Structure formats: C-alpha cells, structure tokens
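Keep the structure open as you read.

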Amino acid sequence: MYLLCIAKAMTSALERILTPTRPINVLHGIANAREQHRPYSIVFIGVNGVGKSTSLAKVIHYLKSRNLQVSVAACDTFRSGAVEQLKTHCKALKVRLFQQGYARDAAAVAAAAIREATKVHDDVVLIDTAGRMQNNERLMRQLVTLISRNNPDLVLFVGEAMAGNDGVNQLSEFGKCLQRYSASSNARLIDGIILTKFDLVDDKVGTAINVSYESGKPIIFVGVGQTYADLKRMHVHTLIAKLLQ
C-alpha cells in the first residue's frame, strides 16, 4: 500500500510537470482548418543533420494513413540535394511537392505552396526548411521571416534523442532566437517537438522527459526506425508509465 501511494504521488507530480500549457492535437487541428476551408500548415525546423526531411516524410505517411490529402513545400533552398531528397520521398508516398528550386526566398516559396494547397483543397501542407545552427544569425532571421509571414498552425522542432543535453540546449537557443529576431512583441515560437532515433537511446525515457520538462513543449512524435511507418505519437502518460516500470 505504501509503495502504491508513492507511485500515485510520483505519477501526479510528473503529470503536473510534463503536461504542456498548450496541448496539441494535430488531427483535431486539421479538422478545424478544414472547416475554415484552408490547409493546416506545419513548419519543420532544426539543426543540420537531425533527420528533419526524413521525419517530415514519416509525418506524411502518418497523415495519409488517416486519409488526409497532403502536400509538401520545399523551402530548404540552400542545401544542395535537399529538393531532390524531398522529390524522392514525395514520389514514394504519392504526394504533391511544391518547389521552386534553389537560391529562392524560402518564405515566398512557403506562401506560394500554401496558396496552391488551398486551391486544390489539400488538408495539410508540410513545410521543410533548411537545417541551421542556432548561432547563425542570418539563417535564424530568415527562419523567423518564414514563420512570421506564413503564420503556420504548428512549428515543430526536430531533434535527436541521442543528443541528450545538447539537444535541450539547441531547442532552448532556437526558441530564444525566434523571440529575439521577431519584429513582434508576440513572437511565434516552437509549439512541439519530434525526437528522432528514439529507438537507439538506452535512456530514452529520461531523455524525452528532460527535453519536455526543460522546454515546456510537448513531444508530438518520436522516430523509432528507418521506414516511413516508424513514427509514434508520444503522450505524457506513455512517458510516465515507461519511467515507472
């Protein structure tokens, strides 16, 4: 009985700590946007090499499996091969890709993609962006411009579960940069997190809880493998149950 009381107290405390102030239900948000006759837009951001485009492709699969019409905006107009990588994913997943090549204004590309998605009645637009380090002021300012001009429904930070405290610091610095370089006093910040390589981390539960607690942002998805289907929704109760096993 004593141990049961301790477990209940720990569960209650962890729920208070980890429950986000703004719960995110992607499918509910898409349904609301559909009622407004517009596509639901999601921007994917993060540092270089964390698996952002691959995570985006997994989200395509997740949404298509729920009979939603998805299109993709190729707004990584800097990295050589970025558009071609998205083309491969979009062809395999049979979704439309909106792209205007390289050396283009990423914010303008995103805006044009959203307009096109509205015309063809897509349910969701997934907006890929260039990976960038949080200390690159020029690229961070460009990211702020893309977000502020297009006002996406969701801004998702993609980070590696294997990064540990470095990942927490990257997430924190991204948030500070979005605030610092915004022209508005009510800056649009990160809404949620995707953790990649979740299946490769021994202390994955502790890592996830640390990221969620330190950032105050919910983990929406975790990548758990190499295929498109290897993406799982993450819930606070799931994290707590694993921690207390």
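In which loop is His 121 found? His 121 sits in the loop between H5 and strand E4 (124–129). The model is predicted, so treat each value here as computed from it. His 121 has a positive phi of about 65°, although it is not a glycine. His 121 counts as exposed because its relative accessibility is 64%, and the cut-off for exposed is over 50%.

His 37 makes a second case. Its phi is positive too, at about 60°, and His 37 is not a glycine. This residue lies in the loop between helix H2 (26–35) and E1. With 71% relative accessibility, His 37 counts as exposed.

Now follow the chain past E1. Gly 51 is found in the loop between strand E1 (40–45) and helix H3 (52–64). Its relative accessible area is 26%, so Gly 51 is partly exposed. Leave aside the neighbours within four places in sequence, and Gly 51 is in contact with Val 158 and Thr 196. Thr 129 is 78 residues from Gly 51 along the chain, and their C-alpha atoms are separated by 12 Å.

The largest nonpolar core holds 71 residues. Those that touch the most other members are Ile 42, Phe 44, Ile 45, Leu 63, Leu 126, Ile 127 and Leu 146. Helix H5 (residues 106–119) gives the most to this core, with eight residues.

Step back to the whole chain. The protein chain has nine helices and eight strands. Buried residues make up 49% of its 245 residues. Among contacts with a separation of 6 or more, 76% join residues 24 or more positions apart.

What about overall dimensions? The C-alpha trace spans about 65 × 40 × 35 Å along its principal axes. A compact globule of 245 residues would have a radius of gyration near 18 Å, and the protein chain agrees, with 18 Å.

The surface comes last. Its accessible area is about 12200 Å², and carbon and sulfur atoms account for 51% of that. The chain carries 30 positive and 20 negative side chains. The centres of these two sets lie 4 Å apart.

Key. Residues numbered from 1 in each chain as written. Predicted model: local features only at pLDDT ≥ 70, side-chain atom pairs only at ≥ 80, totals over all residues. Heavy atoms only, no water. Helix = DSSP H or I, 4+ residues; strand = E, 2+ residues; numbered from the N terminus. Rg over C-alpha atoms; globule rule 2.2 N^0.38 Å. Buried < 20%, exposed > 50% of the residue type's maximum accessible area, 1.4 Å probe, protein only. Contact = heavy atoms within 4.5 Å. Areas by Shrake-Rupley, 256 points an atom, 1.4 Å probe, with all protein chains shown as cover. Lys, Arg positive; Asp, Glu negative; His and termini not counted. Charge placed at Lys NZ, Arg CZ, Asp CG, Glu CD. Core = buried A, V, L, I, M, F, W, Y, C linked by side-chain atoms within 4.5 Å.
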